[in-house]
Structure formats: structure tokens, C-alpha cells
Amino acid sequence: MYHGRTTGKGLSTATQIYQQPPRILIIHITLPSWADICSNLCEALQNFFSLACGLMGPSRMSLFSLYMVQNQHECILPFVQVKGNFARLQACISELRMLQREGCFRPQTSSLKMAVEDGLQQFKQYSRHVTTGTVLTYTSPEITILTSQPGKEVVKQLEEGLKDTDLLRVRRLQVVEISKKVPEDVDSVSPVEEPSNDACLKCDLQERLLSPSLLPGTADGSLRMDDPKGIFGTLYQLTAQSSACHYKLRVIKALKSSGVCESLTYGLPIILKPTSCWKLDWDELESNQQHFHALCHSLLKREWLLLAKGESSKQGHNPREPACTFYVIMPSRSLTLLVKAVATRELLLPSPFPLLSEDPPDDSLKAVESMLDGLELESTYNPLQIRNHLYSYLNSIFVKSQGRLHPSWESQAQRKVQFPSLSHLPPLYAQNSRGPFSLLLIPNP
């Protein structure tokens with residue numbers, strides 16, 4: 001990741017590269033299998049780097065280097081910062097696309113070994129000559145080898161070739177075997193064929209929460225997952241406008257309530273209610289409300305959710321048009337539906353979740369049960385009982401920014417109300433907590 005400002009002369013002294021290790025990608029090319037995987041691999045690399053370069057906020061991927069191994073190894077991209085270098089990365093991918101796809105050549109068994117050693121030497125030189133003042137928290141690179149050869153054979157070849165090489169500075173060396181075969185569950189890019197049924201319910205949008213990203217002092221800027229700006233805030237933007245245009249959510253399939261993981265939803269929730277628009281006549285309003293009621297009832301009865309696609313008012317596909325957003329629509333016991341944005345394949349990060357074993361150790365279970373027993377238990381969450389001192393923080397920064405326009409009034413107010421210092425408080429501060437129970441959040445290396 002990257003912090004600090006840059007100039008034409010280099011990085012500022014406050015700049016830090018941290019958290020994410022430098023990465024070396026070695027593409028092991030063999031014929032004729034290269035012809036089968038070239039297009040898909042290059043498209044995957046281009047999509048990945050467009051995402052990595054397009055993410056706002058601190059860089060998720062710092063240093064990157066690319067090697068190609070045929071009958072000999074070649075570094076086609078020395079270490080560069082990923083963010084801000086999409087054109088250079090794209091040029092390297094174009095070079096891969098133009099490589100020989102037919103014929104044959106005799107690969108040298110030492111080529112992979114030499115590529116690994118050359119990458120380590122390159123990083124060592126880069127570390128020595130990096131701009132003074134830049135802190136490299138990770139001094140150990142991570143090396144990934146993509147190959148169409150049997151993975152076990154490549155691992156054995158590397159173990160033999162690198163047995164005399166110092167790998168203590170390597171954080172991880174992994175071999176990934178790639179093939180032309182496509183998994184059965186991802187053979188279709190589009191979720192489903194859109195149904196021909198053209199029934200339409202007219203709904204009003206209602207905000208449920210103020211967006212913390214619109215207020216200072218409510219969250220760390222690097223952790224704002226509900227930012228309504230950009231391509232995923234269409235519904236939120238519409239609710240904030242007094243004269244919003246129509247926006248269509250086209251339902252494309254039903255989902256079982258138990259089949260949607262909460263980790264796949266993001267952003268601020270939006271409430272849907274049957275419209276009360278004055279432009280509709282009374283009969284249409286009543287019919288619309290009855291259908292809305294029936295939908296809520298049926299979804300609850302079946303324990304279903306709905307998957308919907310947000311449709312733009314413009315027709316046709318334009319590569320420069322913002323990406324469409326998908327939503328899950330959830331029923332409730334009231335005459336409302338809850339709408340939340342849901343992740344698509346482009347947004348999903350690889351996350352292996354090991355299943356819990358049947359029973360934890362007895363001593364650990366007793367310790368945790370004891371801590372849980374010390375907590376106050378509420379049947380429901382009531383946000384009106386939780387304060388985060390936002391009002392006092394906003395008042396304090398506005399007083400500072402506007403100056404002491406009314407000194408006599410301010411002095412009286414300060415005698416009546418003493419605002420606490422907020423410099424030591426976390427972004428959200430919950431009162432009335434009980435029990436010695438805390439969670440330590442550790443960032444993923």
C-alpha cells in the first residue's frame with residue numbers, strides 16, 4: 001500500500017509501502033498448450049490490473065514484476081508500482097499475446113530456476129536503490145509461477161534446481177497449474193436468462209441511514225465500504241434527490257434466504273415501499289399496494305429473496321458506461337422490502353473459509369462461555385441507545401472553521417456543556433458495555 005504525496009523528483013519522506021509484499025509473476029510458456037490458455041490468461045491479467053489500478057484509496061498491490069519463461073527466461077516488466085501504471089502493464093500483456101503459439105521448442109530445465117534467482121536479485125537491487133525515505137515494510141517478495149505443465153513435476157524441478165539457492169528472503173513461492181478446462185459452475189457469465197414476464201411494481205425509495213462517508217469524523221477513510229460515490233451508489237443517489245428519475249430493478253431470479261452469505265452484500269440499505277405518487281389514480285395505487293403486499297407475503301412464506309439487476313435509462317452497451325449493479329431484495333414483516341447491493345464475480349476476492357470442527361477444546365469453550373455469560377443480553381438492537389459523539393465532534397470542527405463569531409455566546413455555552421476531547425476516541429464509541437470481552441482485528445498480510 002502507498003501513503004504520502006509524490007512529485008516529479010520522487011517520493012516524499014512520508015511515503016510508505018506497507019502491508020502487501022512485492023510480487024513476482026513468472027509465466028511458464030510451453031507449446032502447444034500456450035495456444036489453449038494464452039487468450040484467457042491475458043484477458044484475466046488485463047481485467048485484474050484494470051481493477052487493481054482503478055481502486056480508489058491506498059494501493060492494494062504495491063510492487064510487481066513480470067517474467068516470461070520459454071526456452072530461456074526474460075524479464076518483460078521490472079519492478080513497478082501497480083497504481084498509475086496501467087498503460088505499461090497493458091503493454092506487457094500485449095507482448096504476451098504476440099508470443100509464438102504454434103510449433104515447438106526445447107525448454108531448458110534451468111530456465112525456471114534462473115527466472116526465480118533473477119527476480120530475487122532484481123528485488124535486492126531495487127531495495128538498495130529505492131528512494132531515500134521510502135520504507136519497505138516487506139523485504140521478502142512473493143513469487144508465483146503459472147504453468148500449463150503438471151504442477152508436481154514443476155515443483156520437483158524447482159526443488160532440485162533451487163536447493164543451493166538462499167530462499168530465506170522469499171515470503172512464499174507457489175506453483176499454479178492452469179489448463180483450458182472451465183469449471184462447470186462458471187460456464188455462463190450472465191446469471192440467467194431474463195424472464196419474459198413484464199409485471200411491474202411501482203415503489204418509492206427511502207433512506208434507512210445517513211452515509212457515514214458523507215460526514216467527517218465517522219470512519220477511517222480507508223475503511224469506507226459504504227461510499228455512495230462512484231458506480232455503485234445509484235440507489236443512494238436517487239433517494240437523496242428531490243426529483244429523482246425512474247430507476248428500474250429487473251428481477252432475474254429467486255434465491256433461498258439461507259443461500260445468501262451476508263459477506264456478499266455491501267453498502268447502505270435502501271427501503272422499498274409501495275408508491276404513493278400523486279400522478280397515479282386511486283385504483284392503480286390500491287392495486288399496486290395489494291400486489292406489493294402479496295409479494296412480501298409470498299417471499300416470507302417461501303423463505304425467498306429476489307436477485308435484481310439495476311437497469312440504466314440508456315439502452316445499448318457502451319464500454320464507458322458505469323458497470324451495472326445487482327441487488328438482493330429481502331422481505332420483512334412490515335409493508336416494506338429491504339434492498340442491498342450484492343457482489344458480482346468482478347468484486348469477489350478469494351477467501352477460503354475452513355469449516356468449524358465439531359467441538360472446540362473444553363478449556364477454551366469454558367473460557368469463552370464465561371466471557372459471554374458476562375455480557376448484557378438484549379433481545380433486539382436499539383440504535384437509539386448507542387451514541388458515537390458525532391454531534392459534539394461536528395460542533396467542535398464547525399466552531400473552529402468558522403472562527404469565534406460570537407465569543408460571549410460561546411463562553412456561556414462552554415460553561416454549560418464541556419465537550420470531551422475526541423482525539424483519543426475511536427471512530428465509533430459505544431456506551432454501557434459490560435464484561436471483559438474484546439475482539440482484536442488483525443489485517444490480513
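A salt bridge is counted here where a side-chain nitrogen of Lys or Arg lies within 4 Å of a carboxyl oxygen of Asp or Glu. The structure is a predicted model, and under this criterion it holds eight salt bridges.

**Salt bridges**

One of these pairs joins E311 and R250, whose side chains meet at 2.6 Å from N to O. Because E311 belongs to strand β14 and R250 to strand β12, the pair ties together parts that are 61 residues apart in sequence. E311 is partly exposed, at 21% relative accessibility.

A further pair is formed by R23 and E142, with 3.5 Å between the closest N and O atoms. R23 is located in strand β5 (residues 23-28) and E142 in strand β9 (residues 142-147), so this contact links parts that are 119 residues apart in sequence. E142 has a relative accessible area of 4% and is buried. Through salt bridges that share partners, R23, E142, R171 and R172 are joined into one network.

The pair of E117 and K113 has its closest N and O atoms 3.1 Å apart. Both residues lie within helix α3 (residues 111-129), four residues apart, which is about one turn of the helix. E117 is partly exposed, with a relative accessible area of 27%, and K113 is likewise partly exposed, at 26%.

| Salt bridge | N to O separation |
|---|---|
| E311 and R250 | 2.6 Å |
| R23 and E142 | 3.5 Å |
| E117 and K113 | 3.1 Å |

**The six-stranded sheet**

Strands β14 and β12, which carry E311 and R250, also belong to an open sheet of six strands. The strand order is β11-β13-β16-β15-β14-β12, and the pairing is antiparallel. At the edges stand β11 (203-207) and β12 (248-256), each of which pairs on one side only. From one strand to the next, the twist averages 35°.

Within this sheet, strand β13 (residues 265-274) runs antiparallel to strand β16 (residues 337-342), and five bridges join the two. Y266 has A341 in β16 as its bridge partner.

Helix α6 (residues 282-302) packs on the sheet, where it touches β11, β13, β14 (304-311), β15 (326-331) and β16. The direction of helix α6 makes about 135° with that of β13.

Terms used. Residues are numbered from 1 along each chain as its sequence is written. This is a predicted model: local features need pLDDT of at least 70, side-chain atom pairs count only at pLDDT 80 or more; totals for chains, interfaces and linings use all residues. Side-chain values use heavy atoms; hydrogens and water are left out. Two strands pair if DSSP finds at least two bridges between them. Axes are lines fitted to C-alpha atoms, for helices over the stretch in contact, and angles run from 0 to 180 degrees between N-to-C directions. Contact means heavy atoms within 4.5 Å. Buried means under 20% relative accessible area, exposed over 50%, partly exposed in between (1.4 Å probe, protein chains only).
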